[in-house]
Amino acid sequence: MLLFVVFTPLIAGTLGALSFARIKSGILARIMTGLSVAVLGGSMMTALGPSQQLHWTFLQLSSYKLPLVLATGTLPGWMAILTALVNTLAQVYSLGYFAQDSRQGYFQAVLLAFTGSMLLTVFGLNLFTQFVGWEFMGIGSYLLVGYFRTQDSARYAASKAMMVTRIGDVFFLLAVAFSVMHGQNLIAQVNNHGAGIIAWALVVAVAAKSAQGPNLSWLLDAMAGPTPASALIHAATMVAAGPYLLIRYFPLLSHTPGVLLALVVLGGLSAVAAGVGAVGSQEAKRLLAFSTVSQLGMMVLAIGLGYPQVAWTLLVAHAFYKALLFFMAGIASHRAQSGLLVRMKGTLGSFEFGALFMVGALGVMGLPPTGGFLAKEALFHISQGSLPHIVLDFVLSFVGGAYTARLIKPLASKSPGPLAPVGKWMQIPAVVLSFLVLLNFVWHPWVSLPVMPLANAWPSLLLIGLGAMTGFLWNKPFRLFSGGLFWVLWRFLQGAQRSVAWLDNSLFEGVWDIRLVAAKMTTVVHWGGSGLARRYVLISFAALAILLIWNIHP
Amino acid sequence: MALGGIEMIAWLALGLECVIAMTLELIPLKRNISRWILAGGIVLLMILFPFAGSLPHLYERLIYAPPVHVVYQELVLATALGLTGILSREGNPVASTLLMLSLAGGLVAVSANNWVVLFLGIETLNIGLYGLVGHTSRQRAGDEALLKFFILGSIFTAFEVAGIGLIGGTQGSLQIMMFRVPNPAEIAGLSLMLAALLFKMGSFPFHLWAPDTYEGSPWQTTTIIATLPKIVAGSLIIRLMATGVFSVIPRLPEILEVVALGTMIVGALGAWRQPRLKRMLAYAAISQVGFVILPLSAGHIGAAGVYLVSYILGSLAVFSAGQSLGGQDNPTRLDLVGAFKTKNRWPAVALVLALAGFAGFPLTVGMAAKLYSVEAVMGEPAIIWLGAVLVTGFTFFYYFRWIFPFFASGDVKITKNAGVGAIAISQISAFLIVVLGIWSYPMIWLTQHLTL
Amino acid sequence: MLALLIIPGIFLVILPLLPDNWLKPAFVAMAFSDLLLALFVLAPGESIDVAWWPQLGLNFALGVSRYNQPLLWLNGLVLLSSALATKAGKAWSPLSKGSIFWLSTAYLGVSLAFLSQNLLLYFVGFEMAVLPFFLLVRKDGGENRRQAAFYFLGFSAVAGMMLLAAVLSLVVRHVTGFYSNHSVPVGLQFVVYLLLLATWAIKTPLWPFHLWLPQTHGEASTPASMYLSGVALKVAPYGFLLFSHILPIASHRASPTLAMWGGITLLAGSLLALGQRDLKQTVAQSSIASMGYVMIALSLGTPAGDQAAVLVMVGHGLASPLLFWIAGEVEKVQGSRQLDDLPGLYRKDPFLVTFLSVAAFAYMGIPGLALFPGEFGVILVAFRHMPATLYLIGPGILVMAATWLRVLARARFGGRDQDSAISRLSFGRQGTGSGLWLTVPLLWVGLFPEWWIHLWHWGGLR
């Protein structure tokens, strides 16, 4: 079953994507949706069923062994269900979203393969297996973000996403190499005996993939991709894989000096900066992307504080409400034919849509009755006792309230006129997700949270409220300069490339000039072979004289 | 000898054939017949020499008794046999006679046991060649070529005389023998003889006549000049080195090293970017000669022999193919484009194979010969062998530059066709270039028998 | 094993006699039968040793080992795909007797070099593998092919002659076989090693001795480029592998320097690739980077390193001919190979873009494609023995990713109309064969390296 869950989406998705020109698009899309449902069922069965482990030697060079190991477990089980669920919903959503698109089948096939790669990372029991999934996810995100091939923004965003995450991949690769070199081919071995270098490399890898710190800009640009893909990337794959990985390697991180502090700084700064950036956004999806970075920052922060279970709570809660918000924002922009907040005014004005949307908004703000509230409170709870952390939490609550309010204000306002109808395929996922967001408040078997006195929640609720008020009043958009790292990297590469090319060119010219030296030498020969018999005689005599003198001279 | 009764028969046959060749000129026969008679005679000589080439004891002071040097004699004969094929209709039957005369001279020279006999042989060879160049000359360039060849040849004849005089005077005998206690006069005499032989080989610094003479003469004459005197002079140098005659010259290895490297470099540089095939080949031939001399500097007789044979085969092939492709002309590279599509495709194949052989392309005899030649000097200072391999690398430029046009796409330029003989010779030589490059036994046998 | 050489040999002899419309079928049949032979008849440990020119130390000693077997397979496969890529009357992929003759000669030489157990025989194969490319480049290709061909010949001549000098220095001291028991004096080891270094630096190539490579590839015809980069480039690293057995002390001493040099080559090659505006040049410069990986692994002289190097060679030997084939097809479809003319290509030929994407991902080192196992092995070995190279490898990977993203960002995107119908091209269209013949093994090796390694008997090494 484990084999089925991981490799069906990978293989079927890849084959589907490659055969897009041979199978009718709509049929392919339905096949992919069906397979997604099957994978969801499969992951539930895997999570509930007996524990399994798959071991396959991918490569053995001399004494270095490189096995692919997959294993079930509690955490991977829940994560797999989450991934498969969001994927299924995204597939269903795509059936409506892309109903008119000739490449719908291709899109959904790639989406499925993308999910498969995430499942590979989820079930991977060693760094190498997770790396393979991690890399496949990179390819998948490249294809998904770059889906709209005629748009320049998609082209730029896809390339940038791949390029920036590639930085992290290099470090991940080094981590894998280091662990393999020391024969640490299971997570437990790495966690118990792994070197600090692995921990640090993983932090860098996660920072790139989860758009933390200076890497956040790729995720913002990645909004050029289709909405279902964004929902999947943000909720349960790719960026969520970062915190998931940190949670799995938490023992290693915790016994490597300095790493946790670095995570606190990284997560805290990213969360605040991205939250502020969200407040200034003009586009709904860009705002949501900023919000994702902010929420991921909180997860990293929670891990840095030493509470992976809190990060895990937040991860699951976030998956539900963020997917919901994306789906709703997709409907809104579908109706408005634009992604700009000002243009979207009133697109979700009807009661049903407004309610669904509000559920997601409450979740992202961290208000009851949603799972988001629990997670935020847990984060607040573990920060007790340290003033900077509490202040940080307050700031985060405040900006969270503010950017959500910026989002709610236009969308949920009164609709100006008749709106385009929305198909049932696009509504079902939102309904399911809003139900889950609410259910999450009371039912969360995937984690045992510490007992928290909820009465202490008032300061954060107050701050969320304050933030929301600010957000309602704040109307002025601003831009957060975010693409700095990529820009610097690109300029640097160009500079390096130009200098090497210059050197190459100079050498090239120089080598070509060698023939001139040979040509000069031939002039001597041609002087000798000038055709003048007297010169021939003279030279022969001279040579003979030298020969004789050289020999006879004592 | 066991077959004492038939001793001298080979030599008598040689003389008889010379007379027949001269007589044939008087009889108005179909032109080709004299060539066939010549070829038949040479084949007969090749058969006779191994067992009937000895002389009565009386003459052994003048000429070595086979089988000691039968290898050299056979090589000269084989070269001449090849040359009979390329004689074109014009010029015959006089050309046949002159070739026969040169052959006789060459045979005498390589078998000589006496400096004067050696001198006689070389001069007979020379006279034949002068006659050939003059007889076939149709243009002023040909006359000029003859004149240069003749002037320089005479000067070196004079040197030979002087050398023989010095040797005979100090030694008291004209016998070719090893010296025990060298003195300056003997050294000078031997050096002069060496210089004369190097001149015949066309090696640096006495190579200057070669390009002009090659270019000025018609193809068939060029072929003869490029092969017959070189195999004779080459065999002689090898023989005199092998028997230790030249080893008296105190700086012999150094001289040969300088000469060899100089020959290679001058030839290679001269051949580079030559616009005309024949002049390129002339310089290329000079460069090749350097590789014959190179192993001699290390005293390696077998390698020199192998290279000499490979050089003669290559020359026969390139010049006879050139004759087929160029006719009376001296083609440029552009003229060779598309030659595979004409009736001349087989000479073109031979030319490509021979050039590849000269370059030392694998699976040709040229490759094995280059390996022999360079391997022989691996014990010498690095500059020698490094220089030799670098020159080999440099030669790729002009050989491949001239191989290329055959494969280039373009309009067919050349449709000239020489006689069947030249084509046949080019085919046979090219075939041998490949076969001897793969089948190692003949060359191994040769290296073992040269020093006997 | 001998049949592997005899079949192309016979083909070379009968080639001039074949009628023109039999050329391609005969060429493909020859390549295919040789591939089948390599796959099913070769057995590691098989060897032949016949005296050929004993006086020269040149013996006809052939053997199949676990390192040359993969390369021999690759050889047959790449020749087959090059053969499939030839087309009559096309300037960039001509089908003429001359081209096929010299390509087959090069093939024979490469096989000989790979199989050789004798130093001089290796040299013979090396020269046979190298020199024909002068004619192939000079003959067909782009506008500047004359200059390119002379660059190629000049560099190759120096490389070949340095190899000759090195080999002869060993041969005259009676070291004639790669596995002979004669130990070479230390001083001589260094001399020979330096001479050989010139050969490897030029033919592998190592930066900055690579100048001939982009030239040659930029101008050569498609089949010539495919074969040259796919297999002929591997003759030199394979030779390095062989010779380091004979020169243990010198190899050991030079190891750190050479590893760093390989790293520099990797980075410089990637940067050069990044700067190209022509698809074929991009591929050519990327090859230099891959050879940097090979050199790092080989210089370390460990079994794992050697294996990783062979794996990279195999991976690169599949990916780069594929890309050269793609470049040739792009030229045909789009009329230009300039990157700036690529946008919208996906619309004209989606299959070609799929091939291009797969090959580009392979070059970027994505797992599941054939370059990854080898490159990972190199990083592994480098981490253990020469961690400093990682400072060069890491940026190299990034630059390589940038290079290929730059290409894909053009080929996969652009165009005007979003909803144009995708042309339903079939796999049966002319020439797709060579793409498939390379892509399938690219995936196969990438996904199941261990399966192949088992076939090459690498398991029994320790």
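A residue is called buried if 20 or more other C-beta atoms lie within 10 Å of its own, exposed if 12 or fewer do, and partly exposed in between, with the C-beta atoms placed from the backbone.

1. Basis. This is a predicted model, in which local features need pLDDT of at least 70 and side-chain atom pairs count only at pLDDT 80 or more, while totals for chains, interfaces and linings use all residues. Residues are numbered from 1 along each chain as its sequence is written, and chains are lettered from A and ligands numbered from 1 in the order in which they are written.

2. Two domains in chain B. Chain B is divided into domain 1 (1-249) and domain 2 (251-452); such bounds come from an automatic or database domain assignment. The C-alpha centres of these two domains of chain B are 22 Å apart. Their contact involves 38 residues of domain 1 of chain B and 45 residues of domain 2 of chain B, where two residues are in contact if their C-beta atoms, placed from the backbone, lie within 7 Å.

3. The domain 1 side of that contact. Four elements of chain B each give two or more residues to the side of domain 1 that touches domain 2: helix H3 (70-86), helix H7 (184-201), helix H8 (209-216) and helix H9 (219-242). Helices are DSSP runs (H or I, at least four residues), and strands are too (E, at least two), numbered from the N terminus. H9(B) gives the most to this side, with 13 residues. By type, the residues on this side of domain 1 of chain B are 22 nonpolar, 13 polar and three charged. Nonpolar here covers Ala, Val, Leu, Ile, Met, Phe, Trp, Tyr, Cys and Pro; charged covers Asp, Glu, Lys and Arg; the others, Gly among them, are polar.

4. Gln337(A). Most residues other than glycine have a negative phi, and most peptide bonds are trans. Gln337(A), which is not a glycine, has a positive phi near 55°. The residue sits in the loop between helix H15 (308-336) and helix H16 (351-365) of chain A. Is Gln337(A) exposed or buried? Gln337(A) counts as exposed because it has 10 C-beta neighbours inside 10 Å.

5. Arg273(B). Phi of Arg273(B) is positive, about 60°, though the residue is not a glycine. Arg273(B) belongs to the loop between helix H10 (252-271) and helix H11 (277-297) of chain B. With 14 other C-beta atoms within 10 Å, Arg273(B) is partly exposed.

6. Cis peptide bonds in chain C. Thr204(C) and Pro205(C) are joined by a cis peptide bond, with omega about -10°. Pro205(C) lies in the loop between helix H8 (186-203) and helix H9 (212-219) of chain C. Another cis peptide bond joins Trp207(C) and Pro208(C), with omega about 0°, and Pro208(C) is in the loop between H8 and H9 of chain C.
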